Amino acid sequence: MLDTMWNWLHKLASPPMFYRFAGPAANGFGWLSLALLLPGIFLSLAGSPPDYQQGESVRIMYVHVPAAWLSMFVYMSMAGAAVVGLVWRIKVSHAFVRASAPIGAAFTFLALVTGSLWGKPMWGTWWIWDARLTSELILLFLYLGFVALQSAIEDRDTADRAGAILVLVGVVNIPIIHYSVEWWNTLHQGATVTKFDKPSIDWRMLLPLLLMAMSFTFYYASAALRRTRCEILERERNSEWVRELTGGIDAVQ
Amino acid sequence: MPFNEFLGMGGYGFYVWTSWALAFVVLIVNYIAPLRREKQLLRQFSRRERRRTQ
Amino acid sequence: MHPATATRAMSGVSLSGALWSILKRDLLVAYRHRSQLANPLLFFTMVVTLFPLGLSPDPQLLSTIAPGIVWVAALLAAMLSLEGMFRSDFEDGTLEQMLLSPHPLSLLVLTKITAHWLISGVPLLLMAPLLGGLLNIRPESIGILLATLALGTPLLSLIGAIAVALTVGLRRGGVLLSLLVLPLYIPVLIFGAGAVSNAAAGMDVTGQLAVLGALLAFAFGTAPFAAAAALRISLN
């Protein structure tokens, strides 16, 4: 059983196989994401109680927290794929890393803006240098740095491997950054205590939170696979299988 | 709950709805963009193939 | 240095001989261009000067923010000096020779980093108390300032080396280098400047110094490998 799984993974390393697999897989993940999103939205906006302190503004949490979780999850996935790409020299893996970056950056950006919107009614300012938001901001810098490095290097192979090193250096630094920002924040703790981390959360709030988080995760899988397909097409434009693929397509669908 | 109150979100309406709207924009854009790009690439390549086989 | 000399230094010689010749050469070249050594120091000084000019010359205010300013300025000066780490070797072909050397590339890189720190980092260390004084820094925190910079500047060189190695082949890698390296520098800044501020407030800072020490040890053990891998990738 492990054998067949290994065989299948091995096949996926080939660009045309991955391309063929990724289409239906992306669709599948997309539907899963939607299936979780709908109850998630309903429960977040209507089916859950307002917070006794923050009132209805807590509903922003159901977008902010999953976005923040995803911003980290995407980076971790990129790191995993980077290792696979470097160690086993699998180009499809590198394509996945490159495809994931804009999605991760988008989630980070979303986390920052919704964090800001959540904070304004709470603390009166549009931005607060608390540990969570500051760490998210630095994570955004890491994503943007990766994208900048990739676009600065012309050779695809070099860009792939340099980017992979950068992602791995970044992933090692993330716990260090989190720890240092936490420490820095407690050092300068003002009167405001951020409400981003609730110590014990009512299950009626936990459920929509988890639904949204899982929805976002499947969404990432779907969107990343779609982007990876584009990456693969671009990289393999001159190969036999792409030419066969597009030779058969006469009319635009 | 009457719809007006739902929209108002206890006074936080602007913040809540902007956040959610932004989330939808992000999700939709990041899904549509690769779909369109892929179609564009396939179109480009098929045009190139036709030119080559002519 | 002539590439042939580099090859001789690299392959026919023992490991310690190769490392020593790299170190000696870099220090010699720096000494020959010693007027250029002053540039990062000048930058350091000017950046520090900007703050009273941009904020206020009030001695009370300055003494509160002095640790942060000195640290930020030192960090920026260190960052600016990074590009020189592999630039001349890249241009005259020595770097390629190093990649072909039988000696472990990570050790060769570590030597380059050491040379870089001695040339760019140590002067910052020596300059810092003076600039702290300009900002009315509390005298009792000067010792900690030096301690944090002594631990921090080699850290900055080690971390920076990875970013330089990733961008060494690029034509205009300068700004990109800064973008890549600054997020990685943030923990060093937090603990370094934080320790000095805490010392000024009379608090115990052994914890922060320990963290800096641990980070330095970790970087010392891992950054040369990462930088070596990055060099191999950049030079194909």
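This is a predicted model: local features need pLDDT of at least 70, side-chain atom pairs count only at pLDDT 80 or more; totals for chains, interfaces and linings use all residues.
Residues are numbered from 1 along each chain as its sequence is written, while chains are lettered from A and ligands numbered from 1 in the order in which they are written.

## Contacts between chains

Two residues are in contact if their C-beta atoms, placed from the backbone, lie within 7 Å. Among the 2 pairs of chains that touch, chains A and B have the most contacts. Chain B and chain C do not touch, and their nearest C-alpha atoms are 25 Å apart.

Chain A gives 33 residues to its contact with chain B, and chain B gives 24 residues. On the side of chain A, two or more residues come from each of α3 (61-88), α4 (91-123), α7 (203-235) and α8 (240-247). Helices here are DSSP runs (H or I, at least four residues), as are strands (E, at least two), and both are numbered from the N terminus. The largest share of this side, 9 residues, comes from α4(A).

The contact of chain A with chain C takes 22 residues from chain A and 19 residues from chain C. Here α5 (131-152) and α6 (156-187) of chain A each supply at least two residues of the chain A side. The largest share, 14 residues, comes from α6(A).

Ala, Val, Leu, Ile, Met, Phe, Trp, Tyr, Cys and Pro count as nonpolar, Asp, Glu, Lys and Arg as charged, and the others, Gly among them, as polar.

| Side of chain A | Nonpolar | Polar | Charged |
|---|---|---|---|
| touches chain C | 17 residues | 4 residues | 1 residue |

## Two helix pairs

Axes are lines fitted to C-alpha atoms, for helices over the stretch in contact, and angles run from 0 to 180 degrees between N-to-C directions. The axes of α3(A) and α7(A) come within 9 Å and cross at roughly 40 degrees. These two helices are therefore oblique to each other; angles under 35 degrees count as roughly parallel, over 145 as roughly antiparallel, 65 to 115 as roughly perpendicular and the rest as oblique. Residues that meet in this pair include A:Trp69 and A:Phe73 in α3(A) and A:Met212 and A:Phe216 in α7(A). By class, the contact has 14 nonpolar, 1 polar and no charged residues.

In chain C, the axes of α3 (residues 34-54) and α4 (residues 59-81) come within 9 Å and cross at roughly 145 degrees. Among the residues that meet are C:Phe43 and C:Val47 in α3(C), with C:Ile69 and C:Ala73 in α4(C). This contact has 15 nonpolar, 1 polar and no charged residues.

## Chain C as a whole

Chain C has 10 helices and 0 strands. Its C-alpha trace spans about 60 × 35 × 30 Å along the principal axes.

Among contacts in chain C between residues at least 6 apart in sequence, 81% join residues at least 24 apart.
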